[in-house]
Amino acid sequence: MAHLSINKLLIANRGEIACRIIRTAQRMGIECVAVYSDADKDSQHVKLADEAWHIGGPAAKDSYLKADTILEVAKKSNANAIHPGYGFLSENAEFARQCEANQVIFVGPPVPAIEAMGSKSDAKSIMENAGVPLVQGYHGNDQSDDRLQSEADKIGYPLLIKATAGGGGKGMRVVESSADFIDALNSCKREAISSFGDDRVLVEKYLTKPRHVEIQVFADSQGDAVHLFERDCSIQRRHQKVIEEAPAPGLSEETREQMGQVAITAAKAIGYEGAGTVEFLYDHDGSFYFMEMNTRLQVEHPVTEMITGLDLVEWQIMVANGLPLPLQQNQLTINGHAFEARIYAEDPDNDFLPATGKISYMGLPQTNANVRVDSGIVSGDSVSVYYDPMIAKLIVWDRDRSAALARLRGALADFHVAGLTTNIEFLHHLASNDSFNNADLDTHFLDKHGEELT
Ligand code: ADP
């Protein structure tokens, strides 16, 4: 790996993803610089890194979101690259631009690609022009109540109002009838302004039983792009993913190929480089529609790694170094089936309220080629109020879906956390549920089956 130009990498993140990036980078012979807040001074990512720098207070805005401070640390520590992970600054075009201006490699796509996908409505316009299928809707600039109402009536109900700057499942309203539209619009705008500082919206047809199927894409600086197949992320609660799997059950080879090609078209349309995810709504008749593109590594990337045998962080680093993609499309194949379950400190009996406190004991299932645990926490660590309360990602692999599900149940039964409430039992019920076993999936699965699972 002597030819690599990244020799020291700053990881602008925390928790499991920081640990996961550090492991791959170190294996590639790259020195790693961690940054941490007051709340994280004893965290695993700090211990794993070759050096660690304190960057501020526990609230993200006082530490992990402080672009200037992080860039200063990169300079002082002689790191010549920054990996942003997911969340925090990962989709912040201004931060990527600042990295570039300071001759620090941003391990992610070029600034214009981040900008293009930063607004859901701009993204839809670009994709429409590139011939990518969209859900019927209006994503224009006229934001007057009258125009939005008339566009909504044209689309018909139920429909969805989405904040164009939205993310993380926030800033969305389902509207059942024309009479409810204005109230829903106002409430969506209020949430959008307070969460994203931007109250523009788009409206689109609300699909009643869709699946969330997303394609992992990778592009290099030579203009080549491949897809690494799909993930099904239909198991969601309040639009947040709970269990993800790859490949998507029941997807025909033809549709898989079509979705992959459309995702590559989408990536090329914006001059993409690096790892990206093109999210689609998939209808049971086999039709699919572009939803958005995430210009970063996703939380659920390990299921793709399990079925392809690849290390996506290694690919990100290679592409960031200007190297061509390590494999071509015809060299990529799907092997077996993988699941990821997100283990959270939260109380399923109390509306999934986040739980905080010290983890007095954490016992993991035996990890091996079939079972992987990505975590930034060990016994004795605490889950604080400041960050996402995810404790670990449990990833399993086997030759087919039902064998992989059996693995998932076994590994969940061997996953023990004491000291605070978790969703482990809930996930076990889910992995044992008949409808889930039959892959009877859509994004409302948990609304429909929630009672049986808690
Ligand atoms: P976010 O950026 O907040 O994650 P997305 O646009 O990715 O928002 O949508 C999140 C989830 O909302 C999707 O996974 C899907 O479950 C649901 N959703 C989004 N658009 C539609 C739609 N037009 N019809 C039905 N469900 C939708």
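Two strands are said to pair if DSSP finds at least two bridges between them. The strands themselves (E, at least two residues), like the helices (H or I, at least four residues), are DSSP runs, numbered from the N terminus. With that in hand, let's walk through the structure. This is a predicted model, in which local features need pLDDT of at least 70 and side-chain atom pairs count only at pLDDT 80 or more, while totals for chains, interfaces and linings use all residues. Residues are numbered from 1 along each chain as its sequence is written.

Let's start at strand 1 (residues 8–11), which pairs in the parallel sense with strand 2 (residues 31–37) over four bridges. Leucine 10 is a handy place to look, as it stands opposite valine 33 in strand 2. Strand 1, helix 1 (residues 15–27) and strand 2 make a right-handed β-α-β unit; a crossover is right-handed if, with the strands pointing away from the viewer, the path from the first strand over the helix to the second runs clockwise. Strand 1 also pairs with strand 4 (residues 81–83), again in the parallel sense, over three bridges. There, leucine 9 has alanine 81 of strand 4 as its bridge partner.

Next come two helices. Two packed helices are described by the angle between their axes and the distance between the axes. For helix 4 (residues 93–101) and helix 5 (residues 111–118), the packing angle is about 175 degrees and the axes are 9 Å apart. Helix 4 is therefore roughly antiparallel to helix 5. Axes here are lines fitted to C-alpha atoms, for helices over the stretch in contact, and angles run from 0 to 180 degrees between N-to-C directions. On that scale, angles under 35 degrees count as roughly parallel, over 145 as roughly antiparallel, 65 to 115 as roughly perpendicular and the rest as oblique. From helix 4, Ala93, Ala96, Arg97 and Glu100 meet Val111, Ile114, Glu115 and Gly118 of helix 5; two residues are in contact if their C-beta atoms, placed from the backbone, lie within 7 Å. The residues of this contact between helix 4 and helix 5 divide into four nonpolar, one polar and three charged. Ala, Val, Leu, Ile, Met, Phe, Trp, Tyr, Cys and Pro count as nonpolar, Asp, Glu, Lys and Arg as charged, and the others, Gly among them, as polar.

Strand 6 runs antiparallel to strand 9, joined by two bridges, and glycine 137 stands opposite glutamate 204 in strand 9.

Finally, the ligand. Which of the 20 residues around the ligand come nearest? They are Gly167, Leu207, His212, His239 and Thr443, where a residue is near a molecule if its C-beta atom, placed from the backbone, lies within 6 Å of it. Strand 9 (201–205), strand 13 (274–282) and strand 14 (288–294) are the elements that give two or more residues to this shell. The residues of the shell around the ligand divide into seven nonpolar, eight polar and five charged.
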